[in-house]
Amino acid sequence: MPAGAWPAFGVFVCAWGLALCSILLVYRRQISAAWREPVCARPLLVIESDDWGAGPLPQAEALDALAEILTEVRDASGRPATLSLAVVLAVPDAASGRLELDDLRLAPVLEAIRRGVDRGVFSLNLHGLEHYWLPALKASQDPAVAQWLAQPAPAATEMLPPHLQSRWVDAATLPSRPLDAGDIARAVDEEVSLFRRVFGRIPAAVVPPTFVWTREVERAWVAAGVRCVVTPGCRYTQRGRGGEACGVEGPIRNGDHADELLYLARSEYFEPVKGRGAAHALQALTRDLMLGRPCVLENHRNNFCQDAALRARSLEELRHFLRAALDLHPGLRFVTTAELAALYRHPGADGFASGRTKWPFLWRRLQATGRLWKLLRLTGAAAMGGLAVALLSTPGVRAPAGGK
């Protein structure tokens, strides 16, 4: 290099270094979060299905059909596939006010749930005492809501307006209003006590209905003995003027903590009735495993409780997904929400990767950061980092060659 070019080169290097430092400073939290999130040592799949329990009796037939499919598909350890059911404990009853899950009229549903638990294919989480805040329903001016409350039990909560299916805000009028702390504490005590009465234990995890809840609700869950909350990767705290979930707090990642509470984050959907069937779930599974994360899929009972043709299609999509998942990822393990929470709370020696084994997964996470990754590519830092990861990571753990 000619002597006169050195000053210009020095200016370029300084400018490049300053730009890179600025990028790292601006995105330091995102980079830190990607680094701190544990990398799973083996591929894990959790399928969570919401809304089961108190409600229409045809659920019993659907639950038995699901149990048959789950039993016939087993991972390399010989364990059958599992479905973590988020259970609703009560629906309205025009005569008594509330029909609870252990009422004799709901015996077919409860017995089907227990059969699946005994076969090792169902695991139970708490969804809520009810899939709504009852005073909000009663205060609603919607004639359809009044008709829904008066219909013969057991009723299907999916028929309610979406904003009124939220349990932990008062959405009788929009935007929603927060609930009184005392009302929250009493409601949480009631639902945890009823879950324990029906199933003999405190729920290992809770799945907030419609994912609208607040830190006040979390404090009540902790006081009642709950130690895990399933999230969509953030916390929605209210319903907006149009009924939409809003007031976002987050992001939340698997293994994050707040006081005594552990958070888990769902990553994608398995909803055949909405066009997100086996192919969609397989893409999500492969993506999550490449990032060193468990794949936690969201599902709802309405995939299996509609007309016979839709139910048959959803069941076949589930069978296809589970078999294809094992074909693509032979080391895949089926786990429940409770087991995944226990892994993050008490990581064993082989639960998470460590040292240089983590680097390719962490690098892939940076590739999935959108604007940050584009800036790293623009500065050339992505190419340099990719080379370093390829050279320094544990042999046999391949780093990606590039990004998109």
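Let me begin with Thr210, a partly exposed residue with a relative accessible area of 27%. Throughout, buried means under 20% relative accessible area, exposed means over 50%, and partly exposed lies in between, with a 1.4 Å probe and protein chains only. Thr210 sits in the loop between α7 and α8, and its phi is near 60°, a positive value in a residue other than glycine.

The structure before you is a predicted model, in which local features need pLDDT of at least 70 and side-chain atom pairs count only at pLDDT 80 or more, while totals for chains, interfaces and linings use all residues. Residues are numbered from 1 along each chain as its sequence is written, and side-chain values use heavy atoms, with hydrogens and water left out. Helices (H or I, at least four residues) and strands (E, at least two) are DSSP runs numbered from the N terminus.

Asp259 also has a phi near 60°, again positive in a residue other than glycine. Asp259 belongs to the loop between β9 and β10 and is exposed, at 62% relative accessible area. Most residues other than glycine have a negative phi, and most peptide bonds are trans.

In what order do the three strands of the open sheet run? The order is β6-β10-β9, with mixed pairing; two strands count as paired if DSSP finds at least two bridges between them. The edges are β6 (228-231) and β9 (257-258), each pairing on one side only. Strand β10 (residues 261-265) pairs with β6 in the parallel sense over four bridges, and Tyr263 in β10 is the bridge partner of Val229. Helix α8 (residues 215-224) packs on this sheet, touching β6, β9 and β10, and its direction makes about 120° with that of β10. Helix α11 (residues 337-345) lies across β6, β9 and β10, also running at about 120° to β10. Axes here are lines fitted to C-alpha atoms, for helices over the stretch in contact, and angles run from 0 to 180 degrees between N-to-C directions.

A helix pair comes next. The axes of α3 and helix α4 (residues 107-118) come within 8 Å and cross at roughly 10°. The two helices are therefore roughly parallel to each other, a label given to angles under 35 degrees, whereas those over 145 count as roughly antiparallel, 65 to 115 as roughly perpendicular and the rest as oblique. The contact (heavy atoms within 4.5 Å) involves residues including Leu63 of α3 and Ile113 of α4.

What of the interior? A nonpolar core is a set of buried Ala, Val, Leu, Ile, Met, Phe, Trp, Tyr and Cys residues joined through side-chain atoms within 4.5 Å. The largest has 104 residues, and Leu45, Trp168, Phe199, Phe321 and Leu322 have the most contacts inside it. Helix α7 (residues 181-199) provides the largest share, eight residues. Leaving aside neighbours within four places in sequence, Phe199 is in contact with Val87, Leu89, Leu101, Leu110, Ile113 and Leu124. Another core, of eight residues, lies apart and includes Tyr27, Leu366, Trp373 and Leu376.

Finally, charged pairs. A salt bridge requires a side-chain nitrogen of Lys or Arg within 4 Å of a carboxyl oxygen of Asp or Glu, and by this rule the count comes to 30. In one of them, the closest N and O atoms of Glu37 and Arg365 are 4.0 Å apart. Glu37 lies in the loop between α2 (28-36) and β1 (44-53) and Arg365 in helix α12 (residues 359-367), so the pair ties together parts that are 328 residues apart in sequence. Both residues, Glu37 and Arg365, are buried.

Arg323 and Glu72 also form a salt bridge, at 3.0 Å from N to O. This pair links helix α10 (residues 308-328), which holds Arg323, to helix α3 (residues 59-72), which holds Glu72, across 251 residues. Arg323 is partly exposed at 43% relative accessibility, and Glu72 is partly exposed at 40%.

In the bridge of Arg287 with Asp288, the closest N and O atoms are 3.2 Å apart. Arg287 is partly exposed, at 36%, whereas Asp288 is buried, at 3%.
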